[in-house]
Amino acid sequence: MSGFINALPGAVSQGLIWGIMAIGVYITYKLLDIADLTVDGSFCTGGAVFVVLFTNGVNLFAALLAAVLVGMLAGLTTGLLHTFCGIPAILAGILTQLGLYSVNMAVMSMKATVAINVTNPDVLDRLLVSLRFVGDVAKGTRSFVRHPIFVVGLVTAVLIAALYWFFGTELGSALRATGSNPNMARAQGINTNFTKVLGLMLSNGMVALSGALLSQYNGGCEINMGRGAIVIGLAAVIIGEVIFGKAFRNFGLKLAAVSLGAIIYYIVIQAVLSRGLNPNYLKLLSAMVVAIFLSIPYWKGRYFARPTKRGGVRNA
(Lines give C-alpha, C1' and ligand atoms only; values in the text may rest on other atoms or scores of the structure.)
Protein backbone atom coordinates (compact mmCIF):
# COMPACT_ATOMS: atom_id res chain seq x y z
CA MET A 1 0.00 0.00 0.00
CA SER A 2 2.84 2.39 0.85
CA GLY A 3 4.40 1.69 -2.56
CA PHE A 4 1.16 2.71 -4.28
CA ILE A 5 0.91 5.92 -2.24
CA ASN A 6 4.53 6.82 -3.04
CA ALA A 7 3.90 6.22 -6.73
CA LEU A 8 0.67 8.25 -6.76
CA PRO A 9 2.25 11.67 -7.61
CA GLY A 10 4.00 10.09 -10.60
CA ALA A 11 0.76 8.44 -11.74
CA VAL A 12 -1.13 11.74 -11.51
CA SER A 13 1.67 13.52 -13.40
CA GLN A 14 1.58 10.97 -16.22
CA GLY A 15 -2.21 11.10 -16.25
CA LEU A 16 -2.12 14.86 -16.77
CA ILE A 17 0.40 14.54 -19.61
CA TRP A 18 -1.63 11.84 -21.34
CA GLY A 19 -4.74 13.91 -20.61
CA ILE A 20 -3.55 16.53 -23.10
CA MET A 21 -3.35 13.78 -25.72
CA ALA A 22 -6.82 12.58 -24.67
CA ILE A 23 -8.26 16.07 -25.21
CA GLY A 24 -6.89 15.86 -28.76
CA VAL A 25 -8.59 12.49 -29.18
CA TYR A 26 -11.81 14.01 -27.83
CA ILE A 27 -11.80 16.59 -30.63
CA THR A 28 -11.79 13.92 -33.35
CA TYR A 29 -13.72 11.14 -31.60
CA LYS A 30 -16.49 13.17 -29.99
CA LEU A 31 -16.69 16.42 -31.95
CA LEU A 32 -15.86 15.21 -35.47
CA ASP A 33 -17.08 11.62 -34.99
CA ILE A 34 -13.80 10.30 -36.45
CA ALA A 35 -11.72 7.51 -34.93
CA ASP A 36 -8.31 8.96 -35.82
CA LEU A 37 -5.51 6.39 -35.56
CA THR A 38 -2.89 8.95 -36.57
CA VAL A 39 -2.28 9.63 -32.88
CA ASP A 40 -0.24 6.45 -32.40
CA GLY A 41 2.32 7.96 -34.78
CA SER A 42 2.01 11.70 -34.12
CA PHE A 43 2.48 11.17 -30.37
CA CYS A 44 5.95 9.74 -30.99
CA THR A 45 6.60 12.38 -33.66
CA GLY A 46 6.10 15.15 -31.12
CA GLY A 47 8.47 13.47 -28.69
CA ALA A 48 11.10 12.74 -31.33
CA VAL A 49 11.12 16.26 -32.78
CA PHE A 50 11.34 17.83 -29.35
CA VAL A 51 14.18 15.61 -28.07
CA VAL A 52 16.28 15.99 -31.21
CA LEU A 53 15.90 19.77 -31.30
CA PHE A 54 16.37 20.23 -27.55
CA THR A 55 19.48 18.07 -27.38
CA ASN A 56 20.95 20.10 -30.23
CA GLY A 57 20.65 23.34 -28.31
CA VAL A 58 17.30 24.68 -29.51
CA ASN A 59 15.29 26.70 -26.99
CA LEU A 60 12.80 24.60 -25.00
CA PHE A 61 9.69 26.51 -26.09
CA ALA A 62 10.84 26.68 -29.71
CA ALA A 63 11.31 22.89 -29.65
CA LEU A 64 7.81 22.47 -28.15
CA LEU A 65 6.33 24.71 -30.84
CA ALA A 66 8.12 22.73 -33.56
CA ALA A 67 6.72 19.49 -32.11
CA VAL A 68 3.18 20.93 -32.20
CA LEU A 69 3.59 22.15 -35.79
CA VAL A 70 4.90 18.77 -36.98
CA GLY A 71 1.98 17.08 -35.23
CA MET A 72 -0.41 19.42 -37.04
CA LEU A 73 1.32 18.50 -40.30
CA ALA A 74 0.59 14.83 -39.55
CA GLY A 75 -3.06 15.74 -38.98
CA LEU A 76 -3.07 17.69 -42.24
CA THR A 77 -1.79 14.60 -44.07
CA THR A 78 -4.59 12.44 -42.65
CA GLY A 79 -7.15 15.14 -43.42
CA LEU A 80 -6.06 15.47 -47.06
CA LEU A 81 -6.03 11.70 -47.53
CA HIS A 82 -9.58 11.62 -46.21
CA THR A 83 -11.08 14.68 -47.90
CA PHE A 84 -9.03 15.19 -51.07
CA CYS A 85 -8.29 11.52 -51.85
CA GLY A 86 -11.61 10.11 -50.63
CA ILE A 87 -10.00 7.54 -48.32
CA PRO A 88 -12.15 6.59 -45.28
CA ALA A 89 -10.98 8.44 -42.17
CA ILE A 90 -9.94 5.35 -40.22
CA LEU A 91 -7.84 4.06 -43.15
CA ALA A 92 -6.33 7.51 -43.73
CA GLY A 93 -5.21 7.54 -40.10
CA ILE A 94 -3.70 4.08 -40.40
CA LEU A 95 -1.76 5.09 -43.54
CA THR A 96 -0.39 8.24 -41.89
CA GLN A 97 0.48 6.34 -38.73
CA LEU A 98 2.32 3.73 -40.80
CA GLY A 99 4.30 6.37 -42.67
CA LEU A 100 5.14 8.24 -39.48
CA TYR A 101 7.08 5.24 -38.16
CA SER A 102 9.70 5.77 -40.88
CA VAL A 103 9.55 9.54 -40.42
CA ASN A 104 10.13 9.18 -36.68
CA MET A 105 13.08 6.86 -37.27
CA ALA A 106 14.55 9.39 -39.71
CA VAL A 107 14.09 12.24 -37.21
CA MET A 108 15.93 10.15 -34.59
CA SER A 109 18.75 9.34 -37.06
CA MET A 110 17.58 5.72 -37.39
CA LYS A 111 17.96 5.12 -33.64
CA ALA A 112 15.20 3.40 -31.68
CA THR A 113 15.86 5.62 -28.66
CA VAL A 114 17.13 9.18 -28.24
CA ALA A 115 17.86 10.31 -24.67
CA ILE A 116 18.09 13.63 -22.87
CA ASN A 117 21.11 13.87 -20.59
CA VAL A 118 19.15 14.46 -17.38
CA THR A 119 22.23 13.61 -15.29
CA ASN A 120 23.59 17.02 -16.34
CA PRO A 121 22.10 19.54 -13.84
CA ASP A 122 22.16 22.36 -16.41
CA VAL A 123 20.17 20.28 -18.91
CA LEU A 124 17.77 19.07 -16.23
CA ASP A 125 17.04 22.60 -15.02
CA ARG A 126 16.12 23.66 -18.57
CA LEU A 127 13.35 21.05 -18.79
CA LEU A 128 9.75 21.99 -18.19
CA VAL A 129 8.82 18.66 -16.57
CA SER A 130 10.79 15.63 -15.42
CA LEU A 131 10.22 12.50 -13.35
CA ARG A 132 13.18 13.62 -11.24
CA PHE A 133 11.30 16.77 -10.24
CA VAL A 134 8.72 14.61 -8.43
CA GLY A 135 11.37 13.25 -6.07
CA ASP A 136 13.14 16.61 -5.77
CA VAL A 137 9.95 18.36 -4.65
CA ALA A 138 9.25 15.56 -2.15
CA LYS A 139 12.77 16.02 -0.73
CA GLY A 140 12.38 19.79 -0.60
CA THR A 141 15.25 20.52 -3.00
CA ARG A 142 12.90 22.11 -5.57
CA SER A 143 9.93 24.43 -5.28
CA PHE A 144 6.44 22.99 -5.80
CA VAL A 145 6.02 25.23 -8.86
CA ARG A 146 8.46 22.88 -10.64
CA HIS A 147 6.38 19.80 -9.79
CA PRO A 148 4.97 18.13 -12.95
CA ILE A 149 1.46 18.11 -11.44
CA PHE A 150 1.54 21.90 -11.06
CA VAL A 151 3.24 22.61 -14.41
CA VAL A 152 1.19 20.24 -16.57
CA GLY A 153 -1.98 21.15 -14.67
CA LEU A 154 -1.35 24.81 -15.54
CA VAL A 155 -0.67 23.93 -19.20
CA THR A 156 -3.87 21.87 -19.31
CA ALA A 157 -5.91 24.73 -17.82
CA VAL A 158 -4.54 27.16 -20.43
CA LEU A 159 -5.29 24.72 -23.27
CA ILE A 160 -8.84 24.10 -22.04
CA ALA A 161 -9.45 27.85 -21.78
CA ALA A 162 -8.09 28.39 -25.31
CA LEU A 163 -10.20 25.56 -26.74
CA TYR A 164 -13.29 26.80 -24.90
CA TRP A 165 -12.80 30.19 -26.52
CA PHE A 166 -12.06 28.75 -29.96
CA PHE A 167 -15.08 26.44 -30.07
CA GLY A 168 -17.26 29.39 -29.14
CA THR A 169 -16.17 31.28 -32.27
CA GLU A 170 -17.89 30.98 -35.64
CA LEU A 171 -15.15 28.71 -36.99
CA GLY A 172 -15.17 26.51 -33.88
CA SER A 173 -18.97 26.24 -34.01
CA ALA A 174 -18.70 25.23 -37.68
CA LEU A 175 -16.28 22.48 -36.70
CA ARG A 176 -18.68 21.18 -34.05
CA ALA A 177 -21.60 21.37 -36.50
CA THR A 178 -19.61 19.31 -39.00
CA GLY A 179 -19.27 16.46 -36.56
CA SER A 180 -22.86 16.75 -35.35
CA ASN A 181 -24.56 16.75 -38.75
CA PRO A 182 -22.32 17.16 -41.81
CA ASN A 183 -25.24 17.30 -44.26
CA MET A 184 -26.93 20.12 -42.39
CA ALA A 185 -23.57 21.87 -41.98
CA ARG A 186 -23.03 21.78 -45.74
CA ALA A 187 -26.56 23.10 -46.26
CA GLN A 188 -25.63 26.06 -44.07
CA GLY A 189 -22.67 26.85 -46.32
CA ILE A 190 -19.95 25.29 -44.13
CA ASN A 191 -16.97 23.81 -45.96
CA THR A 192 -16.99 20.49 -44.10
CA ASN A 193 -13.80 19.25 -45.75
CA PHE A 194 -11.94 22.27 -44.40
CA THR A 195 -13.33 21.88 -40.89
CA LYS A 196 -12.46 18.16 -40.84
CA VAL A 197 -8.88 18.90 -41.84
CA LEU A 198 -8.71 21.71 -39.27
CA GLY A 199 -10.02 19.42 -36.53
CA LEU A 200 -7.50 16.71 -37.37
CA MET A 201 -4.68 19.25 -37.36
CA LEU A 202 -5.77 20.69 -34.02
CA SER A 203 -6.11 17.23 -32.50
CA ASN A 204 -2.73 15.94 -33.63
CA GLY A 205 -1.02 19.16 -32.62
CA MET A 206 -2.19 18.55 -29.06
CA VAL A 207 -1.20 14.89 -29.29
CA ALA A 208 2.32 15.89 -30.39
CA LEU A 209 2.53 18.40 -27.51
CA SER A 210 1.65 15.59 -25.11
CA GLY A 211 4.35 13.41 -26.67
CA ALA A 212 6.91 16.21 -26.29
CA LEU A 213 6.00 16.63 -22.60
CA LEU A 214 6.18 12.88 -21.97
CA SER A 215 9.61 12.64 -23.61
CA GLN A 216 10.79 15.35 -21.22
CA TYR A 217 9.21 13.58 -18.28
CA ASN A 218 10.84 10.24 -19.18
CA GLY A 219 14.16 11.77 -20.22
CA GLY A 220 14.04 10.60 -23.83
CA CYS A 221 11.97 9.35 -26.76
CA GLU A 222 11.52 5.72 -27.79
CA ILE A 223 10.19 4.73 -31.21
CA ASN A 224 7.28 2.74 -29.76
CA MET A 225 6.26 5.30 -27.13
CA GLY A 226 3.06 6.11 -29.02
CA ARG A 227 1.94 2.55 -29.60
CA GLY A 228 -1.52 2.11 -28.09
CA ALA A 229 -1.95 5.86 -27.52
CA ILE A 230 -5.39 5.79 -29.12
CA VAL A 231 -6.51 3.19 -26.55
CA ILE A 232 -5.33 5.36 -23.65
CA GLY A 233 -6.98 8.40 -25.22
CA LEU A 234 -10.29 6.60 -25.68
CA ALA A 235 -10.07 5.24 -22.14
CA ALA A 236 -9.66 8.77 -20.76
CA VAL A 237 -12.54 10.11 -22.86
CA ILE A 238 -14.92 7.31 -21.91
CA ILE A 239 -13.94 7.25 -18.21
CA GLY A 240 -14.40 11.02 -17.98
CA GLU A 241 -17.76 10.84 -19.74
CA VAL A 242 -19.08 7.94 -17.66
CA ILE A 243 -18.00 9.34 -14.28
CA PHE A 244 -18.48 13.09 -14.81
CA GLY A 245 -20.93 13.18 -17.74
CA LYS A 246 -24.02 14.13 -15.72
CA ALA A 247 -22.28 16.71 -13.54
CA PHE A 248 -20.11 18.36 -16.22
CA ARG A 249 -22.46 19.86 -18.82
CA ASN A 250 -20.36 22.86 -19.82
CA PHE A 251 -18.01 22.29 -22.77
CA GLY A 252 -14.97 23.46 -20.81
CA LEU A 253 -15.85 21.09 -17.97
CA LYS A 254 -16.23 18.23 -20.46
CA LEU A 255 -12.65 18.84 -21.59
CA ALA A 256 -11.57 18.90 -17.93
CA ALA A 257 -13.41 15.59 -17.43
CA VAL A 258 -11.25 14.04 -20.17
CA SER A 259 -8.10 15.10 -18.32
CA LEU A 260 -9.52 13.71 -15.07
CA GLY A 261 -10.35 10.50 -16.91
CA ALA A 262 -6.69 10.12 -17.89
CA ILE A 263 -5.63 10.66 -14.28
CA ILE A 264 -8.10 8.03 -13.05
CA TYR A 265 -6.90 5.63 -15.74
CA TYR A 266 -3.27 5.94 -14.61
CA ILE A 267 -4.20 5.65 -10.95
CA VAL A 268 -6.03 2.40 -11.76
CA ILE A 269 -3.03 1.15 -13.74
CA GLN A 270 -0.66 2.05 -10.89
CA ALA A 271 -2.93 0.36 -8.35
CA VAL A 272 -2.93 -2.86 -10.38
CA LEU A 273 0.85 -2.74 -10.91
CA SER A 274 1.36 -2.28 -7.18
CA ARG A 275 -0.46 -5.58 -6.71
CA GLY A 276 2.30 -7.33 -8.64
CA LEU A 277 0.88 -7.49 -12.18
CA ASN A 278 3.46 -8.28 -14.86
CA PRO A 279 3.92 -5.04 -16.91
CA ASN A 280 3.76 -7.13 -20.09
CA TYR A 281 0.01 -7.49 -19.45
CA LEU A 282 -0.58 -3.72 -19.44
CA LYS A 283 -1.89 -3.64 -23.02
CA LEU A 284 -4.44 -6.33 -22.19
CA LEU A 285 -5.44 -4.46 -19.05
CA SER A 286 -5.83 -1.22 -21.04
CA ALA A 287 -8.08 -2.95 -23.57
CA MET A 288 -10.18 -4.41 -20.77
CA VAL A 289 -10.56 -1.03 -19.03
CA VAL A 290 -11.70 0.62 -22.27
CA ALA A 291 -14.11 -2.24 -23.05
CA ILE A 292 -15.66 -2.07 -19.58
CA PHE A 293 -16.18 1.69 -19.62
CA LEU A 294 -17.52 1.59 -23.18
CA SER A 295 -20.03 -1.03 -22.06
CA ILE A 296 -21.28 0.86 -18.99
CA PRO A 297 -23.61 3.26 -20.89
CA TYR A 298 -25.10 0.29 -22.78
CA TRP A 299 -25.60 -1.71 -19.58
CA LYS A 300 -27.18 1.26 -17.84
CA GLY A 301 -29.61 1.82 -20.71
CA ARG A 302 -30.51 -1.83 -21.12
CA TYR A 303 -30.61 -3.21 -17.59
CA PHE A 304 -30.91 -0.26 -15.19
CA ALA A 305 -33.16 2.22 -16.98
CA ARG A 306 -36.62 2.70 -15.56
CA PRO A 307 -39.26 1.02 -17.72
CA THR A 308 -41.61 3.45 -19.44
CA LYS A 309 -45.24 3.25 -18.48
CA ARG A 310 -47.54 2.14 -21.23
CA GLY A 311 -50.70 3.99 -21.93
CA GLY A 312 -51.37 7.67 -21.63
CA VAL A 313 -53.36 10.16 -19.68
CA ARG A 314 -57.05 9.59 -20.06
CA ASN A 315 -58.96 12.30 -21.85
CA ALA A 316 -61.85 13.93 -20.07
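C44 is buried, at 1% relative accessibility; buried means under 20% relative accessible area, exposed over 50%, and partly exposed in between, with a 1.4 Å probe and protein chains only. The sulfur of C44 lies 4.0 Å from the closest cysteine sulfur, in C221, which is too far for a bond. This is a predicted model, in which local features need pLDDT of at least 70 and side-chain atom pairs count only at pLDDT 80 or more, while totals for chains, interfaces and linings use all residues. Residues are numbered from 1 along each chain as its sequence is written, and side-chain values use heavy atoms, with hydrogens and water left out.

**Cysteines**

- The count of disulfides is zero, where a disulfide is a pair of cysteine sulfur atoms within 2.5 Å.
- C85 is partly exposed, with a relative accessible area of 47%.

**The nonpolar core**

- The largest nonpolar core has 78 residues. Such a core is a set of buried Ala, Val, Leu, Ile, Met, Phe, Trp, Tyr and Cys residues joined through side-chain atoms within 4.5 Å.
- Helix α1 (residues 2–31) gives the most to this core, with 12 residues. Helices here are DSSP runs of H or I with at least four residues, strands are runs of E with at least two, and both are numbered from the N terminus.
- The residues with the most contacts inside the core are W18, M21, F43, F50, I116, F167 and Y265.
- W18 is in contact with F43, S210, L214, M225, A229, I232, A262 and Y266, leaving aside its neighbours within four places in sequence. Contact means heavy atoms within 4.5 Å.
- In soluble globular proteins, nonpolar side chains tend to be buried together.

**Helix α3**

- Helix α3 covers residues 60–83, which makes 24 residues. At 1.5 Å a residue it should span 34 Å, and its end C-alpha atoms are 35 Å apart, which agrees. The expected span is 1.5 Å times one less than the number of residues.
- At the start of α3, a side-chain oxygen of N59 reaches to within 2.9 Å of the backbone nitrogen of F61.
- The buried residues of α3 include L60, A63, L64, G71, A74 and H82.
- Cover for the buried residues of α3 includes α2 (39–55), α4 (89–107), α5 (121–126) and α10 (192–218).
- A66 sits in helix α3. A66 counts as buried at 19% relative accessibility.
- A66 touches V49 and L53, not counting residues up to four places away in sequence.
- A66 and L209 are 143 residues apart in sequence, but 9.3 Å apart in space, C-alpha to C-alpha.

**Helix α13**

- Helix α13 (residues 282–304) has 23 residues. From its first C-alpha to its last it reaches 31 Å, close to the 33 Å expected at 1.5 Å a residue.
- α13 bends by about 35 degrees at Y298. The bend at a residue is the angle between axes fitted to the seven residues ending there and the seven starting there.
- The buried residues of α13 are L285, S286, V289, V290 and F293.
- Among the elements that cover them are α11 (229–244) and α12 (251–274).

**G172 in helix α8**

- G172 lies in helix α8 (residues 170–180). G172 is buried, with a relative accessible area of 0%.
- F166 and F167 are in contact with G172, leaving aside neighbours within four places in sequence.
- G172 and G199 are 27 residues apart in sequence and 9.2 Å apart in space, C-alpha to C-alpha.

**H147 in a loop**

- H147 is placed in the loop between α6 (131–139) and α7 (148–166). H147 is buried, with a relative accessible area of 7%.
- A polar atom of the H147 side chain lies 3.1 Å from the backbone nitrogen of I149.
- H147 touches P9, S13, V134 and V137, not counting residues up to four places away in sequence.

- Most residues other than glycine have a negative phi.
- S109 is found in the loop between α4 and β1 (113–115). Phi of S109 is near 55 degrees, a positive value in a residue other than glycine.
- S109 counts as exposed, at 53% relative accessibility.
- M110 is found in the loop between α4 and β1. M110 has a positive phi of about 60 degrees, although it is not a glycine.
- M110 is exposed, with a relative accessible area of 58%.

Key: Polar contact = N/O pair within 3.5 Å; in protein donor to acceptor, adjacent residues only side chain to side chain.
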